[in-house]
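Please look over the sequence and the three-dimensional model shown here before reading on. The report is meant to be read beside them.

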Amino acid sequence: MIPASFEYYRPDNIAAALAVLEEHGDDARVIAGGHSLIPMMKLRMADVPHLIDLQDVKDLRGIKVAGGTVTIGAMVTQAELISSQDIAQAAPIMHEAALQIADPQVRYMGTVGGNIANGDPGNDLPGLMQCLDATLTVVGPNGERDIAAREFYEAAYMTAREDDEILTKVSFAATEGGYAYEKQKRKIGDYATAAASVLLTKEGSTVSTASIAMTNLSDVPVFSEEAGAALQGSSCDTDAVKAAVAAMLEDIEPNEDNRGPVEFKRHVAGVILSRAIERAWSRA
Amino acid sequence: MNDMTPDREERKANLKGMGCARKRVEDARFTQGKGNYVDDISLPGMLHGDFVRSPYAHARVKSINIDAAMALDGVVAVLTAKDLEPLSLHWMPTLAGDKQMVLADGKVLFQGQEVAFVVAKDRYIAADAVELVEVEYEELPVIVDPFKSLESDVVLREDLDPSADGAHGPRKHPNHIFLWEVGDKGATEAVLDEADVVAEETVYYHRTHPCPLEPCGSVASMDKVNGKLTLYGTFQAPHVVRTVASLLSGIEEHNIRVVSPDIGGGFGNKVGVYPGYVCSIVASIVTGVPVKWVEDRMENLMSTAFARDYHMHGKISATKEGKITGLWCHTTADHGAFDACADPTKYPAGFMSICTGSYDIPVAYLGVDGVYTNKAPGGVAYRCSFRVTEAAYFIERMIEVLAIELNMDAAELRRINFIKKDQFPYNSALGWEYDSGDYHTAWDKALEAVDYDGLRKEQAERVEAFKRGETRKLMGVGLTFFTEIVGAGPVKNCDILGMGMFDSCEIRIHPTGSAIARLGTISQGQGHATTFAQIIASEIGIPADSITIEEGDTDTAPYGLGTYGSRSTPVAGAATAMAGRKIKAKAQMIAAYLLEVHDDDVEFDVDRFAVKGAPERFKTMKDIAYAAYNQAIPGVEPGLEAVSYYDPPNMTYPFGAYICVMDVDVDTGTTDIRQFYALDDCGTRINPMVIEGQVHGGLTEALAIAMGQEIAYDEMGNCKTATLMDFFIPTAWETPHYTTDHTTTPSPHHPIGAKGVGESPNVGGVPAFSNAVHDAFRAFGLRQSHMPHDHWRIWKTANDLGLHG
Ligand SMILES: Cc1cc2nc3c(=O)[nH]c(=O)nc-3n(C[C@H](O)[C@H](O)[C@H](O)COP(=O)(O)OP(=O)(O)OC[C@H]3O[C@@H](n4cnc5c(N)ncnc54)[C@H](O)[C@@H]3O)c2cc1C
């Protein structure tokens, strides 16, 4: 469990970080909290001759809520999400999700940007970003660009971010209505067997908007538009929930792993989504 | 005597002797990060070793090219089997009478097997060099199933003569290791044939791993000037390691010093001898400087000793009323690539023959077939005394299955079959003499403590509510009554590699009345430094706080067989008491001389000898110690010390009653343990707090094993669970609250009546958790499902029973 040797860089601004990336191309990578990257390096599954630590880049930090938009710097830690009053108010689903990521030790180091940029289907924030319809901002040699989170994930560990780009921040509209992040895992510190993010708004006694996304049930996070649509206009009754679950099941493609076979995962995905919808509805 | 003299009770309390919840003296250093583990040892000029390991479970090694690795700056040597062969160290004997490759000799037999040993200036260079060793493999068919292994044409162990007997008798197939049989097969089968009721079931106890917090490692230092080899390592049996090292290397035993420093958990994983130890020794001999080898977590899980992997096929017969009449068991034991179990020589399946459990079963038969497969070797006693966990799980499942067959309450079925108090010492059908027990009292206390009848009522209501669709959670009540056999053991039938399983203690009283005691055992977290001092305190009246306990250095400690199988208290604890009594006897003579009375006219009183009938005339142990060294006493040698080697007359038989109450979510397979009650009877209780700590730890390991922990392989022999992401170690979050309780039935043959407790919670805990899961589904027709009861397996059970609608 010892990584191959590497050069270590610790720039204090984005331009300097980009310069190292540009110079070493494929041989360079940024490191944020290191809680996905370092294990891969130790297993020698990732070979990173030039490692660029973003810890000192102040511009990548900070949580801001202004004009109904929540903006989170890539280097904000998962622990900061939990302690932030702004997040608790403007996006309580994120507070709830962050509490279910890994364990406290991991969350003190692990960052929002790392969790999103990593591209591991097991990460919780990518699914949440689908649900929130977030915008991801990256910067590279050709300047800054925005990518919709729903367009970001291409395959496991493959994203729309170019190798020479750095994710700087994520932004999304402050949420309203009911919310739930429901996750089944084997133990504290485990990735999801199945997880569901649900946002609902209510008008009278019917669902006016619904956004649903699933985690670790395909090789990319799954935004299930149809599942949301199945709830819209309904009174969130048993039939509507069943329809939403059925629609979601069309969109996921889980793999068998140590958490269980496909059949089990599909069943649990349905249960978890029903519970998430129920909880979100109770809060709407 | 004056008013300042403390009274008897106060003097007793000051000793912190047996029965005192004395705080663990070890914890000050462990909780402050000041322990001294193998990896903390750093010697001048020390080199670091690392293994090239096989990615394949079965393959021929066509060639090994070390050139690129040797060319890396800082690499000192790369050892392969060829280098070890001239020393006859490319293979080594296992503790089970088999042999094991130290480095791949022509082929590899399991994934993670040691192929080459790189020695480099630092740990990082060693790891880089491992990547540079080029090994050419030719894949061979892989066998991961022991049943298929016995039918396969693929011969795993080409080194063995297929027609020759193994260490434990004839082999019926090249992949067969032994058949071990106990009991009366014919008589048992006759009883089964005639019985009113026979319950038959296959109980699989899956492969798991002790996974101590600290993995295995060693530092070998060969001093070529004085010819002495010092070996530091994670050894649960340092003296045995010294003897084996001497026999293997030809270095005379007095020139070998083995040191077990602090050990971060063993649980059986650190009993055996591993290729890493051998390679660090050879590398130090070759290079002339110290060589360290410390494995990482994945290496620990993939290559060092696993536990269990027993397929137990059982039949149990009873009368209509539920009186058990016979027990039959055939076990297929998957030993992996080499038979590297660590059992007493005459017991290739350990003490599996304790499988009649706590019940008065007139006739029984046990047969165990050991089989080779392409999996890591091991089969060690993971927090148990040589397959006692397997035996307890087997009988406690069979009892539940029989209860289903009889349509009886499982608590009642146990009660009517328990060995009765007045039957002890009890001779079991499979040949053991149970020393003492009072099962009915313990069982009644346990059932009352949890309000058993109330639980059953609630459970019945829950089943009805479930059927009405009002809940998706079932409730299980997991019962277990276990009897262990620990404290191996009597030298007449227990040895390891020919070394009798006695143990030892040497006590030296210093002139000022404090003491040091050394034992042949070695704590890996059991708290010996705390509890053994308490035994001495009570035996000879010196405060436990004034006694240092030292273990693990073979140059200073008396010879002993080490710590595993709950043997430390039953064997070394007995030696401690006996050594204390020798000191007390001499102290009595000294006291009598000082008090100017006859030896018989003084009596021991807590911390002193006093003249009989005149308690104001006394000499404290402190006075006596001083006199022992500084006063010429006619006919008495100076000094006050003693050593005792204790050969136990019998094993001890701790027992207990555990009850687990669990809610099971049939839709997600998740569980919630509402209540766990553990009553232990370990005989005399030395330190209730240490006992409670051991019970909590053991129950948590049992929880892990029953509910998720496993070493699993795919068809290709790839280990699927080699990291802690997949190998379940519970955190505080998953761990339930435990209620502990006890009864006290001392062992009649042990000097202080103590039986050992460290392993009881694992032995009894696993069936308690597992039975709770099974019991939850009993109303829906479940008889048997396999551990670990992780989410998907529980879900599958529910699904197979049609509970998902
Ligand atoms: C025991 C354990 C349990 C875990 N459980 C969970 C869990 O339940 N749920 C979950 O979601 N996660 C879990 N994780 C992962 C954890 O949340 C990681 O922290 C997270 O996935 C990565 O964030 P990081 O800051 O540590 O990124 P790093 O590990 O530093 O980087 C991850 C990847 O992202 C890239 N990267 C990082 N930052 C940027 C950036 N700003 N721009 C471009 N690329 C970037 C890196 O180059 C690297 O490829 C767990 C981790 C561990 C060790």
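This is a predicted model: local features need pLDDT of at least 70, side-chain atom pairs count only at pLDDT 80 or more; totals for chains, interfaces and linings use all residues.

## Domains of chain A

The domain assignment divides chain A into domain 1 (7-52), domain 2 (59-173) and domain 3 (178-283). Taken over C-alpha atoms, the centres of domain 1 and domain 3 of chain A are separated by 35 Å.

## An open sheet in chain A

In chain A, five strands make up an open sheet whose order is S4-S5-S10-S6-S7, with antiparallel pairing. Its edges are formed by strand S4 (63-66) and strand S7 (143-148) of chain A, each of which pairs on one side only. On average, and with direction ignored, neighbouring strands of this sheet are turned by 20 degrees against each other.

Within the sheet, strand S6 (residues 135-140) and strand S10 (residues 166-173) of chain A are joined in the antiparallel sense by five bridges, and A:Val139 stands opposite A:Ile166 in S10(A). Helix H1 (residues 14-24) of chain A packs on the sheet, where it touches S6 and S10 of chain A, and the direction of the helix makes about 125 degrees with that of S10(A).

## An enclosed strand in chain B

How far is strand S7 (residues 114-120) of chain B enclosed by the rest of the structure? Seven of its seven residues are buried, and the strand is therefore largely enclosed; the criterion for a buried residue is that 20 or more other C-beta atoms lie within 10 Å of its own.

Strand S7 of chain B pairs with strand S1 (residues 47-53) of chain B in the antiparallel sense over six bridges, and in this pairing B:Arg53 stands opposite B:Glu114. Strand S3 (residues 75-79) of chain B also runs antiparallel to S7(B), to which it is joined by four bridges, and here B:Leu79 stands opposite B:Phe117 in S7(B).

B:Tyr204 has its place in strand S10 (residues 197-208) of chain B. Is this residue, B:Tyr204, buried, exposed or partly exposed? B:Tyr204 has 18 other C-beta atoms within 10 Å and is therefore partly exposed, since a buried residue would need 20 or more and an exposed one 12 or fewer.

When residues up to four places away in sequence are not counted, B:Tyr204 touches B:His311 and B:His786. By contrast, the C-alpha atoms of B:Tyr204 and B:Ala13, which are 191 residues apart along the chain, are separated by 49 Å.

Definitions and conventions
Residues are numbered from 1 along each chain as its sequence is written. Chains are lettered from A and ligands numbered from 1 in the order in which they are written. Two strands pair if DSSP finds at least two bridges between them. Helices (H or I, at least four residues) and strands (E, at least two) are DSSP runs, numbered from the N terminus. Axes are lines fitted to C-alpha atoms, for helices over the stretch in contact, and angles run from 0 to 180 degrees between N-to-C directions. Two residues are in contact if their C-beta atoms, placed from the backbone, lie within 7 Å. Domain bounds come from an automatic or database domain assignment.
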